[in-house]
Amino acid sequence: VSIHVRLRVAGEAYAVPVENVLEVVRPGEVTPVPGSVAELLGVLNLRGHILAVADLAQILGLTAAGPPARMLIAESGDLRAGLVIDEVSEVGELGDPTEATESELLAGATLADGDLIGIIDLDRVLSWLARPRP
Amino acid sequence: MSDLDAELADIFRQEAVERLDQMDAGLLAVEAGDAGATDLDALFRNVHTIKGAAGMLGLDDIRALAHAAEDILASVRTAGTFPPQLAAPLLRTTAVLRACVAGAQEPVSEAIADLTATSSALSAARADPPSAGASGASPPDAPPSAAGTSPPAADVAAGPAATAPKAGERPLRVPAHKIDRLLDVVGELMQFRGQAAHSLGDDGQVSPELADLLAGGDRMLSELKDTAIGMRTLPLSAITRRLPLAVRDIALETGKDVELTVAGADTELDRVILESLHDPLAHLLSNAVIHGIESPAERERAGKPGRGQLEVRAVPHGSLVEIVVADDGRGISPEVLEQARRAGSLTDVLARPGYSTAAELTDRAGRGVGLDAVNSYARSLGGSLEVRSEPGRGMAIHLVLPVALAQLEVLLFERGRAVYGVPLGAVEEVVRSTATLTLEGRPALDVRGQALPVADVAALLGAAAPPLGERSPALVVSAGGRRALAVCDAVLGEHEALVKSLGPILRGTEGYLGAAILGDGRIALLVEPLVLTRGTQHALRVSAPNAARPVAAPKVLVVEDSFTVRELQRSILEAGGYPVVTARDGRDALGVIDTDPEIALVVTDLDMPQLDGLELTRAIRAIDQRSSLPVIIVTSRGSAEDRQHGIEAGADAYMAKHDFDQQALLATVERLVGR
């Protein structure tokens, strides 16, 4: 059992370990970076620093339901990115993953409050984003 | 080791390396036979200081070897002459000392034995025949002079010691990270000022008092920035001091006779760039000695002097520095020349990954880092590399690098609502894209008689953007030995960008130097110039060709100190069918008017260095034959009073930059020169 940020992406429930989340903000104006990987929406000016922004729905292979409403600023090692999501539902304790998942980007899944919640492996997600473009 | 000890050891290392550099330079002078008394004094002082400091820090090996070298130098000083053959063993000593200082666990006993052997050999040589010219008797235990048995020895009898620096010029040791932090803060401050300017809006909306205060603040900020950058820059000599020694060693090893000259060694460059430049530069020189310069016999057969010339030359160009490594060796082979003709660029052929100029690879060059590595090094800093060579006549490699890393002068432009920047040094001019030609099946445009390939910036970058409008501006970009036109929606102007990294997530994405945050908070991606010249497979969507330019249209002189405004006005006027010549200020303009009788109209800025717009207008009115030459003043000062000054000076029209549009300019020009 550890503290997680629970969020909704394309209508589905996911969670991220709280230590990987720096803050949750409204996505600002994103400048596209031509030639970058498809999931990257671009870069934005976060209080004078350049932050890469990606679409979490697209990373997870989902189709975004509506316009991006919130952005999770996530960090793992030296990698940092803004991940666009629908909303943050709550921050609280979550049991260890009980279900195995096929996706390499998930650490597993767990049942909570009648929802099956996918637990995101941020290290893998951010490393996947930083891959060289073919 | 305590923190203090670690800090002391660090200071010792830095100082010892500097002193060893000076010793190497002095010993090379001794070897060449042109060392003076002050050189010998400096050698002695340097080795003595290294010995003392090493002793205090308990670095016994360094102390012992420095002591042995000091003994020899002391006796030479007493003897009054410095035999040149002593230079080689002492150079070997400084090399061992350098390795020890860098932390190598190298045994020094061998080096000490080497020095002792040399000194006994010299004593023996002297004891044998009675030598002429040794001034007075030497102490019996000293290795004395070998005057009479050797090439010209340095006269160390006379000459005062080098004078100590004045108090205000005495160098102060400051840790580099403190200066880096200062530069960061200055950068943030400039960014902050840009945002303030943006929220204040145009100059017209603030009171004159506030405008004066802001202008004063800007001047100080700009001076602060230059001073801070100046603290982080070092002269090129900081890395070239060791090069003559390296070249000498390689030449000896390969049986070549080479003389290295360094020009522009006082040119200043960012410390970080200088540090990173040492290896590529050493590589280029080593390549030149091994592959470029021929053996003395081969050179004489080719009718060249036996000694090859190698030159490192630094020439500053604004925020960029051009560093040229040139040799007078064999140059490229005719086969390579032929390949270069087919590829369109010699640089492309030689800087291709894995290329080597030697048929058989040797240990030092060829393998290891090649020209492609030096090329990508230059590109990674926002610079470029170009190779020029002719068979039999040597080769010159031109490296263009920014003076400072954090700050880069860029030209901002817009395409598909996104803002991009490209280093100003890579942009030759801005033209209007009009009639397109076809060059080898690709779109091209005639720029001053040369057909250049032309492409849409969006296609070059792979960005989504609506089709280009008619007569969109095009940047003439020069990079990687190629020139090309990159067409965009609008040119926004020059900008001193604080370069920010795109961060590790985007490390796999190529083609960008980083990003800059603009005054309004928007992000401008900074594009590598090479991306704009490498061409694209995508077709360019520009509109139909224009009508041919009418013959004998009146020639217009554009006088403007800002590159952007000058090029914009040029392109507007040229698109309107007028031939244009340009000048950077009033004085420059008077020279052009004096030599070109075809100038029919002058468009001038007001605020310029040397001679401003009003003075220029008055000067034109005072020239007998040209006093009626029409003058249009275009300026950011738009008050009624300013207008009055302009008209009084004799201007025919006065246009404010903020309501400046191309139709108004063309209409005014047409009215004045009546086509």
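The questions and answers below concern this predicted model.

Biologist: How many strands form the open sheet of chain B, and which strands stand at the edges?

Modeller: The open sheet in chain B has five strands in the order E4-E6-E7-E9-E8, with mixed pairing. An edge strand has a single partner strand, so one side is left without a neighbour in the sheet. The strands at the edges are E4 (258-263) and E8 (384-389) of chain B.

Biologist: Which residue in E6(B) stands opposite Leu260(B)?

Modeller: Strand E4(B) runs parallel to strand E6 (residues 308-317) of chain B, and six bridges join them. Across this pair of strands, the residue opposite Leu260(B) is Leu310(B).

Biologist: Helix H9 of chain B packs on the sheet; what angle does its direction make with that of E4(B)?

Modeller: Helix H9 of chain B covers residues 243-254 and touches both E4 and E6 of chain B. The angle between the direction of helix H9 and that of E4(B) is about 160°.

Biologist: At what angle to E7(B) does helix H10 of chain B run?

Modeller: Helix H10 of chain B comprises residues 271-292 and lies across E4, E6, strand E7 (320-327) and strand E9 (395-402) of chain B. Relative to E7(B), helix H10 runs at about 20°.

Biologist: Is Leu182(B) buried, partly exposed or exposed?

Modeller: Leu182(B) belongs to helix H6 (residues 176-200) of chain B. Not counting residues up to four places away in sequence, Leu182(B) touches Ala228(B) and Met231(B). Its C-alpha atom is separated by 6.9 Å from that of Ala228(B), although these residues are 46 residues apart along the chain. Because its relative accessible area is 33%, Leu182(B) is partly exposed.

Biologist: What area is buried between chain A and chain B?

Modeller: The size of an interface is often given as the accessible area lost when the parts come together. Here, 25 residues of chain A are in contact with 21 residues of chain B. Carbon and sulfur atoms give 68% of the buried area, which is about 1,800 Å².

Biologist: Which residues of chain A lose the most area to chain B?

Modeller: Three residues together account for 33% of what the chain A side buries. They are Pro34(A), Asn45(A) and Ile50(A).

Biologist: How many salt bridges are there between chain A and chain B?

Modeller: A salt bridge requires a side-chain nitrogen of Lys or Arg within 4 Å of a carboxyl oxygen of Asp or Glu. Between chain A and chain B, the count is zero.

Biologist: Is Ala10(A) buried or exposed?

Modeller: Ala10(A) lies in the loop between strand E1 (2-9) and strand E2 (12-17) of chain A. It has a positive phi of about 50°, although it is not a glycine. Because its relative accessibility is 17%, Ala10(A) counts as buried.

Biologist: Is Arg417(B) buried or exposed?

Modeller: Arg417(B) is found in the loop between strand E10 (407-415) and strand E11 (418-423) of chain B. Its phi is positive, about 70°, although Arg417(B) is not a glycine. Because its relative accessible area is 76%, Arg417(B) is exposed.

Terms used. Residues numbered from 1 in each chain as written. Chains lettered and ligands numbered in written order. Predicted model: local features only at pLDDT ≥ 70, side-chain atom pairs only at ≥ 80, totals over all residues. Heavy atoms only, no water. Helix = DSSP H or I, 4+ residues; strand = E, 2+ residues; numbered from the N terminus. Buried < 20%, exposed > 50% of the residue type's maximum accessible area, 1.4 Å probe, protein only. Contact = heavy atoms within 4.5 Å. Pairing = 2+ DSSP bridges. Axes fitted to C-alpha atoms, helices over the stretch in contact; angles between N-to-C directions. Buried area = accessible area lost by both parts, 1.4 Å probe.
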